[in-house]
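Have the structure open while you read.

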Amino acid sequence: MERDNGTVVTEFILLGLTQSQDVQLLVFVLVSVFYLIILPGNVLIILTIRSDPALTAPLYFFLGNLAFLDASYSFIVAPRMLVDFLSKKKVISYRGCMTQLFFLHFLGAGEMFLLVVMAFDRYIAICQPLHYPTIMKPRACYALLLALWIGGFAHSIVQVALILHLPFCGPNQLDNFFCDVPQVIKLACVDTFVVELLMVSNSGLLTLLCFLGLLASYAVILCRIRGHSSEGKHKAVSTCTTHIIIVFLMFGPAIFIYTRPFRAFPADKVVSLFHTVIFPLMNPVIYTLRNQEVKASMKRLLSRYKAC
């Protein structure tokens, strides 16, 4: 970070989501209300799955972890963004920026790999139901969970390591409301073409391959269930449809942000807002609203607390 002229960048200035005070106030109110309503819903999902002995199947185990990952992911950006809306000077330290970037990609990649694991779980459950209890044992579920955490860590540490080797010696204004790879790289005072190429390969290509793999797996599942009974077919189609919705919500913005050269587009900030704040909190809620077992268990849990 130190250059010949002795200049060191110790902090970054966030330009924010928008410069309009009216728009900032509107987004602040909407995100705050959304956050206060949906976040407790995610916590309720986790408590419901943890407290109900009937929800011990791998599907619910992974759903509980998805709710935890999404709630944690939203904490990386949203609280600071809300505070910055009320601040005139939006500043984040160099270390704080690197920390935010690390956890953003750590939890984001972890969730991406979790969706792959959930697709694998549904494939075994629907296409090989007789082998499902043998394959998806609790030990296997914990092993898959550990693998996705390790995968997320490996992905994120590569991102941060590449940025830490870049010198920052001049401009320190990030044209965003949080620290992310595309904006941070542009502030380096060296040619970043090779680093950008590595970043696109690490984030963009990985995201795109997982997305296409997930779509292919659900296409195979939907083809396989055509011969099932009407009741089992309806349940399987409902589950797969929910998973596909989440795949598009999760991967659509990520593909838009990370699979292209790091050039600014007018829609970048809006896409980033939905990718980092809105969609993560919605994912477990969408799963729950389409899952009768979880909804019934949640109602029992709430009625039990009301009775107390």
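How many cavities of 30 Å³ or more does the structure hold? The structure holds 3 of them.

## Ground rules

Before the details, a word on where the values come from: this is a predicted model, in which local features need pLDDT of at least 70, side-chain atom pairs count only at pLDDT 80 or more, and totals for chains, interfaces and linings use all residues. Residues are numbered from 1 along each chain as its sequence is written, and side-chain values use heavy atoms, with hydrogens and water left out.

Helices (H or I, at least four residues) and strands (E, at least two) are DSSP runs, numbered from the N terminus.

## The largest cavity

Rolling a probe the size of a water molecule over the atoms shows where empty space is left. On a 1 Å grid over the protein atoms alone, a cavity is a set of points where a 1.4 Å probe fits but cannot get out; a pocket is an open set with protein on both sides within 12 Å along at least five of seven lines; and lining residues have an atom within 4 Å of a point. Grid points are joined across faces, edges and corners, and a volume is the space filled by probe spheres set on the points.

The largest cavity holds about 160 Å³ of space. Its lining is made of 14 residues, and those nearest the centre are His105, Gly108, Ala109, Thr207 and Tyr258. Two or more lining residues come from each of H3, helix H7 (193-224) and H8, with H3 giving the largest share at 5 residues. Sorted by class, this lining has 8 nonpolar, 6 polar and no charged residues. (Ala, Val, Leu, Ile, Met, Phe, Trp, Tyr, Cys and Pro count as nonpolar, Asp, Glu, Lys and Arg as charged, and the others, Gly among them, as polar.)

Now for the open spaces. The largest pocket has a volume of about 550 Å³. It has 24 lining residues, and Leu59, Arg122, Lys235, Thr239 and Asn291 are the closest to its centre. H2, H3, helix H8 (230-258) and helix H10 (292-307) each put at least two residues into this lining, and H8 gives the most, with 8 residues. The split by class for the largest pocket is 11 nonpolar, 9 polar and 4 charged.

The second largest pocket comes in at about 400 Å³. Of its 18 lining residues, Ile49, Arg50, Leu55, Phe61 and Tyr142 sit closest to the centre. Helix H1 (21-51), H2 and H5 each supply at least two residues here, and the top contributor is H2, with 6 residues. The lining of this second pocket divides into 12 nonpolar, 3 polar and 3 charged.

## Rings in contact

The structure holds 17 aromatic pairs. Rings of Phe, Tyr and Trp (its six-membered ring) pair if their centres lie within 6.5 Å; planes under 30 degrees apart count as stacked, over 60 as edge-to-face and the rest as tilted. Which kind of pair do phenylalanine 61 and tyrosine 142 form? Theirs is edge-to-face, at 5.1 Å centre to centre with 70° between the planes. The pair links distant parts of the chain, with phenylalanine 61 in helix H2 (residues 58-85) and tyrosine 142 in helix H5 (residues 138-164), 81 residues apart.

Tyrosine 142 is exposed, at 53% relative accessible area. Buried means under 20%, exposed over 50%, and partly exposed in between (1.4 Å probe, protein chains only). Elsewhere, Phe102, Phe103, Phe106, Trp149 and Phe153 form one aromatic cluster.

## How H3 meets H5

Helix H3 (residues 94-127) packs against H5 at an angle of about 145°, and their axes are 8 Å apart. Axes here are lines fitted to C-alpha atoms, for helices over the stretch in contact, and angles run from 0 to 180 degrees between N-to-C directions. By class, the contact has 19 nonpolar, 7 polar and no charged residues.

Valine 9 lies in the segment before strand E1 (11-14) and is buried, with a relative accessible area of 4%. Its C-alpha atom is 6.9 Å from that of glycine 170, 161 residues apart along the chain.

Methionine 282, in helix H9 (residues 268-289), is partly exposed at 27% relative accessible area. Methionine 282 and leucine 249 are 33 residues apart in sequence and 9.2 Å apart, C-alpha to C-alpha.
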